[in-house]
Amino acid sequence: MGERQNFGNRVAIGRAIRLRREIDEFEQRWPAPNSSEETTPAFSWVQLERQLVDLAATEMQAEMARHLVSATRKLSAFKPPEMVLREILCLTWVLLDENFRPGIGEGSDEMT
C-alpha cells in the first residue's frame, strides 16, 4: 500500500509542477494588467455552464460542457484570471464546433 501511495504522491507532485510551469509561462507571455483597466462583468460558474450547454452544437457537446466547466472551475483558483478566460474561450470553441466528434479516432471510416 505504501508503494501505491508514493506513486500517487509522485503523480500529484508532477501535475502540480506542470501546472506551475504552465502558469509561469502564461504570466511571462501576458503580464498582469495594471489595476486601472476596466474589468468584465462578474458571472457565476453555474451561469457559464448554463450558457455553454445552451450554445453547444450537439447534445454530446452539451454534456461535455458540464464536465469541462467543472474541471476548469477546480483549477481556476490556482491560475491567473486571464488564463482562466483563455480556457473558457477554448471550451467555447470546442463546444460550438459542429465538426468536433469526440471519440472518433484516426483510422475511423467516419468523416470528421
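This is a predicted model: local features need pLDDT of at least 70, side-chain atom pairs count only at pLDDT 80 or more; totals for chains, interfaces and linings use all residues.
1. The largest pocket. The space in the largest pocket amounts to about 720 Å³. Its lining is made up of 27 residues, and those closest to the centre of the pocket are Thr39, Thr40, Pro81, Glu82 and Leu85.

2. Helices α1 (2-29) and α4 (81-96) each contribute at least two residues to the lining of the largest pocket. The largest share, seven residues, is supplied by α4. By residue class, the lining of the largest pocket comprises 15 nonpolar, seven polar and five charged residues.

3. Lys79. This residue is placed in the loop between α3 (59-76) and α4. Is Lys79 buried or exposed? The relative accessible area of Lys79 is 11%, which is under the 20% limit, so Lys79 counts as buried. The side chain of Lys79 makes a polar contact of 2.5 Å with the side chain of Glu87. When neighbours within four places in sequence are set aside, Lys79 is in contact with Leu19, Glu22, Ile23, Val84 and Glu87.

4. Asp54. Helix α2 (residues 45-55) contains Asp54. With a relative accessible area of 61%, Asp54 is exposed. The C-alpha atom of Asp54 is 9.9 Å from that of Leu95, although the two residues are 41 residues apart along the chain.

5. Salt bridges within α1. The structure holds five salt bridges. One of them joins the side chains of Arg20 and Asp24, with an N to O distance of 2.7 Å. Arg20 and Asp24 are four residues apart in helix α1, so about one helical turn separates them. A salt bridge is also formed between Arg20 and Glu27, where the closest N and O atoms are 3.7 Å apart.

6. A salt bridge between helices. Which residue forms a salt bridge with Glu49? The partner is Arg66, and the closest N and O atoms of the pair are 4.0 Å apart. Because Glu49 lies in helix α2 and Arg66 in helix α3, the pair ties together parts that are 17 residues apart in sequence. Glu49 is partly exposed at 26% relative accessibility, and Arg66 is likewise partly exposed, with a relative accessible area of 35%.

Terms used: Residues are numbered from 1 along each chain as its sequence is written. Side-chain values use heavy atoms; hydrogens and water are left out. On a 1 Å grid over the protein atoms alone, a cavity is a set of points where a 1.4 Å probe fits but cannot get out, and a pocket is an open set with protein on both sides within 12 Å along at least five of seven lines; lining residues have an atom within 4 Å of a point. Grid points are joined across faces, edges and corners, and a volume is the space filled by probe spheres set on the points. Ala, Val, Leu, Ile, Met, Phe, Trp, Tyr, Cys and Pro count as nonpolar, Asp, Glu, Lys and Arg as charged, and the others, Gly among them, as polar. Buried means under 20% relative accessible area, exposed over 50%, partly exposed in between (1.4 Å probe, protein chains only). A polar contact is a pair of N or O atoms within 3.5 Å; within protein, one must be able to donate a hydrogen and the other to accept it, and residues adjacent in sequence count only if both atoms are side-chain atoms. Contact means heavy atoms within 4.5 Å.
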